[in-house]
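Let's explore a protein model together, one question at a time. Have the sequence and the 3D view open as you read.

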Amino acid sequence: MVFKYYDKRPVRLFENFIELYGECLDEIINEKLEIEIYPSHNYLSEWIMDRKGYFATNLLLKGKNIAYNEQNCNAINLSIEERHACIAHEIGHIRAACTTFATSLDKEHNADLTACELGLGRHLAGALRKIIDEGNLAPGTISEMEERIKKIPG
């Protein structure tokens, strides 16, 4: 797994994620992924994620990408482990990009499994709970996130 940074400045959070989970992810995914990282200070991140987001990938854009909003993550006190779980979740979307016939909830659950495979399931559940508690989600999104939390093993 390799992260490239659109503005050529490495983001420590992602570098730390690779140090901790890169080798395991390469084995799980069974291919070398190259993912471009767009921090929120980069104007292109808005093509991937709205300004209220935390982490996102946009599979409609050319290439594999993850946008990250550090300020929003700090505002809801996401821990480093919770952020790592969110990164793993986004990698799960990239990993399953060819699964086009799944429902939205199924796609989210399948992406959640990548975090679980890395032992980050409870941290992902914690991140989802903090995002729900923050209060900026539509009721339908809240119920989908609560359903995802229930499906996380452990």
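Q: On the other side of helix 6, which residues are exposed?
A: This is a predicted model, where local features need pLDDT of at least 70, side-chain atom pairs count only at pLDDT 80 or more, and totals for chains, interfaces and linings use all residues. Residues are numbered from 1 along each chain as its sequence is written, and side-chain values use heavy atoms, with hydrogens and water left out. Helices (H or I, at least four residues) and strands (E, at least two) are DSSP runs numbered from the N terminus, and exposed means over 50% relative accessible area, buried under 20% and partly exposed in between, using a 1.4 Å probe and protein chains only. On that side of helix 6, the exposed residues are Pro-139 and Lys-150.

Q: Why do the buried residues of helix 6 line one face of the helix?
A: The buried residues here are Met-145, Arg-148 and Ile-149. An α-helix has 3.6 residues a turn, so residues three or four places apart point the same way. The arc is taken from the directions between the helix axis and the C-beta atoms. Seen down the axis of helix 6, the buried residues line one face because they fall within an arc of 100°.

Q: Which helices do the buried residues of helix 6 pack against?
A: Contact here means heavy atoms within 4.5 Å. By that test, the partners of these buried residues are helix 3, helix 4 and helix 5.

Q: Which residues touch the most other members of the largest nonpolar core?
A: A nonpolar core is a set of buried Ala, Val, Leu, Ile, Met, Phe, Trp, Tyr and Cys residues joined through side-chain atoms within 4.5 Å. The largest one has 39 residues, and those touching the most other members are Phe-3, Phe-14, Phe-55 and Ile-91.

Q: How many aromatic pairs are there?
A: Rings of Phe, Tyr and Trp (its six-membered ring) pair if their centres lie within 6.5 Å; planes under 30 degrees apart count as stacked, over 60 as edge-to-face and the rest as tilted. Counting this way gives seven aromatic pairs.

Q: What kind of pair do Phe-14 and Tyr-68 form?
A: Phe-14 sits in helix 1 and Tyr-68 in strand 4, 54 residues apart. Both Phe-14 and Tyr-68 are buried. Their ring centres are 5.6 Å apart and their planes meet at 75°, so the pair is edge-to-face.

Q: What kind of aromatic pair do Phe-17 and Tyr-21 form?
A: Phe-17 and Tyr-21 lie four residues apart in helix 1, about one turn of the helix. With 5.3 Å centre to centre and 45° between the planes, the pair is tilted.
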